[in-house]
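Please open the structure in a viewer and keep the selection tool at hand. The stops below are given in the order in which they may be visited.

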Amino acid sequence: MKKEDIFARYSRQIFIEEIGLEGQKKIMNSKVLVIGAGGLGSPVIQYLAAAGVGTLGVVDFDEVELHNLNRQIIHNEKTVGISKIKSAGIFVRNLNHQIKFIGIEQKVDESNAEELISGFDIIIDGSDNFKTRYLVNDACVQFKKPLVYGSILGFSRQVAIFNYNGSKNLRDIFPKPPFEEQLPDCDSLGVLGALPGIVGSMMANLALKIITDLPLQLNQLTLIDTLNWRFQTIDF
C-alpha cells in the first residue's frame, strides 16, 4: 500500500500522538491469532482488520448457524451453513483487502496448539470452554506469547492480559479449570447480543495497545456486570 493510501485509510489512528505513523507501522507488521470466530472473536476480528493488523489468523471449526447472528456480527444470513472461517475470510477481505488472512479450520487441541500459537506475536482467546482456555494459556506461557483473555456469560464478563512482559497468567488467578459438567453454557443461559461486542472491542483495544507499546495495567482482571452496569478490577 502506498504511503498516501496508508495515511488516508488510517489517519484517525495516526493522528493519535501516542500512535503516529510508527505505531501504525507496528500494527501493519503485527501477527495476531484469534481463537474462535464466534461472539467474542467477531468484534475482535472486525476491529483488528479495520485497524490494519498485517497478518490476522483465525482458528475455528464450526459452521455459521442462524442463532449465531444476534451476536456474531461478522457473519450474516448469506453465510449461514458455511464454515465460520470461510465467512470470516469473506468479511475481512471485504473490509480490508490488504490484510493477510490466515483461516485455520481446526479445533484447538493438544495436537496443534503449540504449532498454531508459536507462529504469531499475540494470541487472543475468544473460545467458549475452559479446556481450550487452559490449553491456549499454557502454550502462550511456553512460547512467551502475550494472551488477551475474555469470557462472557449472561450479563457478566471478564477481561485480562496474561503473560505479557513478565506478567502473570491464567493459572496464577485460577490454578485449575472447573469441571465442565458443573458449568452452565451460553446455549442454556443465552447472552445479550451487544455484550460480546463490548468485551470483544475491549480485547481488540488491548491487543492494539500491546502492539503499539501503549501503557497497560497488568495483573488485573476486569469484571463487568452489564445488568447493573458495574465495573470492577481485581489485582492478582
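Select Asp138, which counts as partly exposed because its relative accessible area is 31%; buried means under 20%, exposed over 50%, and partly exposed in between, with a 1.4 Å probe and protein chains only. Before going on, note that this is a predicted model, in which local features need pLDDT of at least 70, side-chain atom pairs count only at pLDDT 80 or more, and totals for chains, interfaces and linings use all residues. Residues are numbered from 1 along each chain as its sequence is written, and side-chain values use heavy atoms, with hydrogens and water left out.

A salt bridge here is a side-chain nitrogen of Lys or Arg within 4 Å of a carboxyl oxygen of Asp or Glu. Arg171 is partly exposed, with a relative accessible area of 32%.

**Second stop: helix 2**

Select Glu22 and Lys25, whose side chains form a salt bridge at 3.6 Å, N to O. Glu22 is exposed, at 51% relative accessible area, whereas Lys25 is partly exposed, at 39%.

Next select Lys26 and Asp213, where the side chains meet in a salt bridge of 2.7 Å, N to O. This pair links distant parts of the chain: Lys26 is in helix 2, and Asp213 is in the loop between helix 9 and strand 7, 187 residues apart. Lys26 is partly exposed, with a relative accessible area of 36%.

Which residues have the most contacts inside the largest nonpolar core? Select Leu48, Leu56 and Ile124, which hold that place in a core of 37 residues. Such a core is a set of buried Ala, Val, Leu, Ile, Met, Phe, Trp, Tyr and Cys residues joined through side-chain atoms within 4.5 Å. Among the elements that each supply at least two residues of this core are strand 1 (31-35), helix 3 (41-51), strand 4 (122-125) and helix 9 (194-211). Helix 9 gives the most, with nine residues.

Select Phe155, Leu192 and Leu227, which form a nonpolar patch on the surface with about 310 Å² of accessible area together. Patches are made of residues with over 30% relative accessible area and no salt bridge; like charges are joined within 9 Å, and nonpolar side chains (Val, Leu, Ile, Met, Phe, Trp, Tyr) within 5 Å. Accessible areas come from the Shrake-Rupley method with a 1.4 Å probe, and for residues only the protein chains shown count as cover. Leu227 is in the loop between strand 7 (220-225) and strand 8 (230-235), and counts as exposed at 54% relative accessibility.

Then select Asp62, Glu63, Glu65, Glu105 and Asp128, which gather in a surface patch of negative charge. Lys and Arg count as positive and Asp and Glu as negative, while His and the chain ends are not counted. The place of a charge is taken as NZ of Lys, CZ of Arg, CG of Asp or CD of Glu. Glu63 counts as partly exposed, at 47% relative accessibility.

How values were computed:
Helices (H or I, at least four residues) and strands (E, at least two) are DSSP runs, numbered from the N terminus.
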